[in-house]
Structures are given as C-alpha cells and as structure tokens.
Amino acid sequence: MSAQRSAIPLPAPLSIDVLVVGGGICGLASAIALGRVGHRVTILEKEDGRRNRGNSGLRLPPNMSKILFHWGLKEKLQRVALTSQPTLFTKYDSGELLGAQIWEGELLVETRGEFMFTTHSELHKILTDAALATGATIRTNAEVVEIADDESKVTLSTGEVLSADIIVGADGPYGLCRADILGRRDTGTPMGVAMYDMLVRTKDVTTNFAKVTVKDNAQFLALGNGRAVVALPVHNGNDIAAQWYLREETAEGAYGDPRSHDASQLDLDCNSDLRSVLDHATPALRIPFKQFDELEDWVHDDKPLVVIGEAAHPFCPGSLQGPAMAVEDAAVLGKLFSHLNTKDQIESFLYAFQDLRQARANGALKSDIENVFTVMLEDGPIQEMRDNMMRQKRDQGANLLDQGEGEESKLWEEIRTVFGYDCEDEADNWWVEWGLLRERARETNDPEAGLGVSFATMSIQVNEAIVA
Ligand SMILES: Cc1cc2nc3c(=O)[nH]c(=O)nc-3n(C[C@H](O)[C@H](O)[C@H](O)COP(=O)(O)OP(=O)(O)OC[C@H]3O[C@@H](n4cnc5c(N)ncnc54)[C@H](O)[C@@H]3O)c2cc1C
C-alpha cells in the first residue's frame, strides 16, 4: 500500500471513550490514530503544554515518517523538518573522516518514508494540531494521581474523577501507568553512560564542522575512546543539535529538566571542530542511560489499562527508534481499534496490541543501545577493526553498511526489517488472520470455533511470526 494512502479512514463500527494519560509524542500520536477511526479521546497531560516540549533534536527514521505521511502530515513536517541523506562517520580525536552512509532516494523508496530531522517541540506542535483536528480534547495541568482498581477511572490531582472505556498509559518511563502494571515504581538502573544534549548556532562553529553537518543535511557522528557525538542540523540549518555521549556514573537527569551543565567544561580532549561546538553551545541537558525492567505484560490484569510508548519500553535518551516505536505503537493501536464493533473485543485487541508490538519494540531498543556502544567503543583491537573496516569502505567509495559482492547487504536487511516495516500493515494482517476468526467464533458463541486453537496459543503464534 502506498505511504500516501488513507487520508481519512473509515470510522470504527463502535466508538468508545478513551483516556490517554500523557500528552507527549506517544499520547498525541495515540489520540490521532484513535481519533482518525472515530473514537472519542481525551488526553490528560500533567504539564502546562510548554514544559512538556523539548527543544532538542529528534530524528525521524523512515518507519516513523511513513506513518506521519499516512496521517496526512507530510507537508507540515516538510515545512519544519530537514530531509537527510548522508551520515558521516569521523574520529573524535583527530577529525579524520572514516566514511559515509548515503541514504539515497532509491534505497528509501523501499521504505516509503524519509530520514528527517526536527526538534521535539516542532514535532509536538504538529501532533498537537493534528490531534485537535481529529476531535481530541487535550487537557493540560491535568495530572493523573490514581487509576482505580478493577475500573477504568482515573483521579486527577484536583480530585476530579474521569472514566472511559479504556485507559492508554502514555505517561513515559517514570509514569503512574507503568508503575500500576509493574506493581512498583521503576526508576531504572544507571548504565554508566550519560548523554549531554545541546544546541549551537551553525554560524558560531568552525567552517569544517558546519560545512559537513549542514551540507546535504548530514547527520554527523564522531567516534571516540569511550565517547561519541551525534550532531544534526535543525531549525532550517540555522542550529545544530548535538548529543555528547560520555562514560559517566550518574542517575540524575531527565527530559524536561533545565539545561544546567556548562558545555564548554565537558571534554578537553576532542578535536578543534568539536571543541568549537562545546565553546559556543547552549548549556547542556544531561540524561543518564538507564536499564529499565522489561515489562512482561503491557496490559493490566484487572482493568482496561494498556501502556504504550516509553511507558511500555523506555529507550535511552537521544535514541533513533524511541520516538519511532512510540508512533508505531500508536498506529497499531488505532488500526486494531478501527475494527471495534462490540466492547467484548476490547480485551483481545489490547492483548493483540501487546503481541504485535512487544518483540519489535524490545528488538529496536536492544539494537539502539548496541549502536551507541559501537560508536563509543574504548580504544583497542575491536575499535581498530571497526575503524579499519570503515576506512576500507571509504577507500572503495562504498557505503559503510554495504557488504561484499554476492552477500546480502546489511543495509538492505536493515531497510527491510527496521525501516521498511509497515506496522499498520502488520495490524491489518493480524485482523485478517486472527481477528476475523475470533469474530466468527464469538458470533457462534464458541470460543474455539473456526480457530482450533486457544487465545493463548494464538498470542504465542502471533509473537513467533513477528520474531521470525
Ligand atoms: C519534555 C520532553 C522533551 C523531550 N525531548 C526530546 C528530544 O528533544 N529528542 C528526543 O529524541 N526525545 C525527546 N524526548 C523523549 C521522547 O519524547 C520519547 O523518547 C518518545 O518520543 C516517546 O515518548 P512518550 O510520549 O512515550 O513519553 P514521554 O516523552 O516521556 O511523555 C510522557 C508524557 O506524559 C506526561 N505525564 C507523566 N506523568 C503523568 C501523569 N501522572 N499525568 C499526566 N501526564 C503525565 C509527561 O509530562 C509527558 O508529557 C523528550 C521527552 C520529554 C518528556
């Protein structure tokens, strides 16, 4: 199906009331996905609508931009986001160019999306407008402090009680909904790495750095000894968003905190291009990498509560796939609930959502972390091997992710499995393969009719299909 399809999908046969806890990227995307198919959505956001927006860089990989294009947001995105093709790999200490990965038009056709750079606040604004346009109500300064036992009711800090048919917990890694399902607060275990996030005016940094980053909207990586930098142009190329990854034992810091770290004091051992970024950057926001418990269930046992986005699978800061998985989650939830024609289906749709999303999101999380640790490898034989492989490709004029002739290229594998994945198609497939069968079984009042397998078996089979 085309990435430009379905400006307005058919409404679900039955409309329900949905409370979305959290008005971040995932909460807004959930409101759009569910609102597009006719559900009545209220977002409850504890902040005032400004404090929950960040001005750091945010990368949209093709699997994410394609969904936003489906939702008719391509033009709006293109007005603020930059479409990127090259990723440049350099050495942190010397500035040597190790090689490049060019995401060329032809390659991206396969994914039906684009690589784009924007900021959290720009994306947040686009999604807010789109959520409102689908009829969602967005309530700011509305902090949820309790979710009732056995019921779909929430209490706000003001004492107001609200109810709905389902509660979508999009309140992030430290939120109430995740804690409710886990049975305790999960503050995460620091992994010994911190990201320092900053912005710098392009005109203030040395020509070399600005040239390579802003030219062709390149993503710029610097690979160092236990440290790394990812930089990308934002704000029409007038600013560069830079993320510094360093080995550091800290548990403090989260998105939304004030930028309170003096970037110029960060690291004295980088090359002069990077030094000029640190010397001219805004104060930095520090966020530690943390390992969170993997949630066995995203759906609450006793109430119609499902967690989604960072609440279900917390990513590390600055992650490529974190925002993408949040939007994919929302799109799948919307697709499944587009088939709702009786409230009896709600539970099975929530479990189908979990089955469709868990392996994919957890896999993306794992590979995002591996990628960061690969670019910040400590000096030694493995780092030398990595650098020499890159130099070899560079000298052959080849893309870094290409493999030798005759071999399946890693690039294509990545394009197909990560960037080419169409989560909405997967949700449609679930409906055709399993949802309709369950419908027939339900209509004949025989839970096993037409299936020959129990619901539990079905869940396992769906999971296996995704992993395969
Ligand atoms: C302020 C902020 C700035 C960010 N900036 C960037 C960035 O620049 N680049 C980047 O790559 N990623 C950024 N992120 C992270 C990014 O949003 C996530 O990685 C991803 O997009 C998915 O997020 P999410 O919506 O699932 O969760 P989150 O982004 O964590 O959003 C959760 C939302 O829930 C709200 N909330 C929490 N508890 C409650 C409650 N009890 N009641 C009501 N509301 C509640 C929070 O205020 C927040 O708005 C930022 C996140 C935040 C919160």
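Helix 2 (residues 62–70) is largely enclosed by the rest of the structure, because nine of its nine residues are buried. The buried residues of helix 2 are Pro62, Asn63, Met64, Ser65, Lys66, Ile67, Leu68, Phe69 and His70. Just after helix 2 comes Gly72, with a positive phi of about 80 degrees. The model described here is a predicted one.

The protein chain as a whole has 14 helices and 18 strands. It has 468 residues, and 56% of them count as buried. The chain exposes about 19,900 Å², of which carbon and sulfur atoms supply 49%. Contacts between residues at least 6 apart in sequence can also be sorted by separation: 75% of them join residues at least 24 apart.

The next topic is the cores. The largest nonpolar core has 108 residues, and the members that touch the most other members are Leu68, Trp71, Leu77, Val168, Leu336 and Phe337. Helix 10 (residues 346–375) gives the most to this core, with 13 residues. A second, separate core has 23 residues, among them Ala194, Tyr196, Val229 and Leu246. Leu68 of the largest core is also one of the buried residues of helix 2. For Trp71, leaving aside neighbours within four places in sequence, the contacts are Ala29, Ile32, Ala33, Arg36, Val327, Ala330, Ala331 and Glu424.

The ligand has 29 residues around it, and Cys26, Glu45, Ser56, Gly57 and Glu310 come nearest. By type, the residues of this shell divide into twelve nonpolar, ten polar and seven charged.

| Residue and atom | Ligand atom | Distance |
|---|---|---|
| Glu45, polar side-chain atom | oxygen | 2.6 Å |
| Lys46, backbone N or O atom | nitrogen | 3.1 Å |
| Val144, backbone N or O atom | nitrogen | 3.0 Å |

Taken alone, the ligand exposes 930 Å², and the protein buries 91% of that. Helix 1 (25–36), strand 3 (57–60) and helix 9 (322–337) are the elements that give two or more residues to the shell around the ligand.

Some single residues can be described in more detail. Gln243 lies in strand 16. With a relative accessible area of 4%, Gln243 is under the 20% cut-off and therefore buried. Its side chain is joined to the side chain of Tyr245 by a polar contact of 3.0 Å. Not counting residues up to four places away in sequence, Gln243 touches Gly57, Arg59, Met195, Tyr196, Asp197, Ala228, Val229, Val230 and Gly318. One of these is Val230, which is 13 residues from Gln243 in sequence and 5.2 Å from it in space, C-alpha to C-alpha. Two others, Tyr196 and Val229, are included in the second core.

Val109 is found in helix 4 (residues 105–111). Its relative accessibility is 59%, which is over the 50% cut-off, so Val109 counts as exposed. Val109 and Pro62 are 47 residues apart in sequence, and their C-alpha atoms are 9.8 Å apart in space. Pro62 itself is buried and belongs to helix 2.

Several loop residues remain. Asn217 is placed in the loop between helix 7 (207–214) and strand 14 (219–223). The side chain of Asn217 reaches the backbone oxygen of Thr83 at 2.9 Å. Leaving out residues up to four places away in sequence, Asn217 touches Leu82, Thr83, Ser84, Gln85, Pro86, Phe117 and Pro233.

Asn141 is in the loop between strand 8 (137–139) and strand 9 (144–147). Although Asn141 is not a glycine, it has a positive phi of about 50 degrees. Asn141 counts as exposed because its relative accessibility is 53% and the cut-off is 50%.

His235 is found in the loop between strand 15 (227–234) and strand 16 (239–247). Its phi is near 50 degrees, a positive value in a residue other than glycine. The relative accessibility of His235 is 25%, so His235 counts as partly exposed.

Notes:
Residues numbered from 1 in each chain as written. Predicted model: local features only at pLDDT ≥ 70, side-chain atom pairs only at ≥ 80, totals over all residues. Heavy atoms only, no water. Near = heavy atom within 4 Å. Polar contact = N/O pair within 3.5 Å; in protein donor to acceptor, adjacent residues only side chain to side chain. Areas by Shrake-Rupley, 256 points an atom, 1.4 Å probe, with all protein chains shown as cover. Helix = DSSP H or I, 4+ residues; strand = E, 2+ residues; numbered from the N terminus. Nonpolar A, V, L, I, M, F, W, Y, C, P; charged D, E, K, R; others polar. Buried < 20%, exposed > 50% of the residue type's maximum accessible area, 1.4 Å probe, protein only. Contact = heavy atoms within 4.5 Å. Core = buried A, V, L, I, M, F, W, Y, C linked by side-chain atoms within 4.5 Å.
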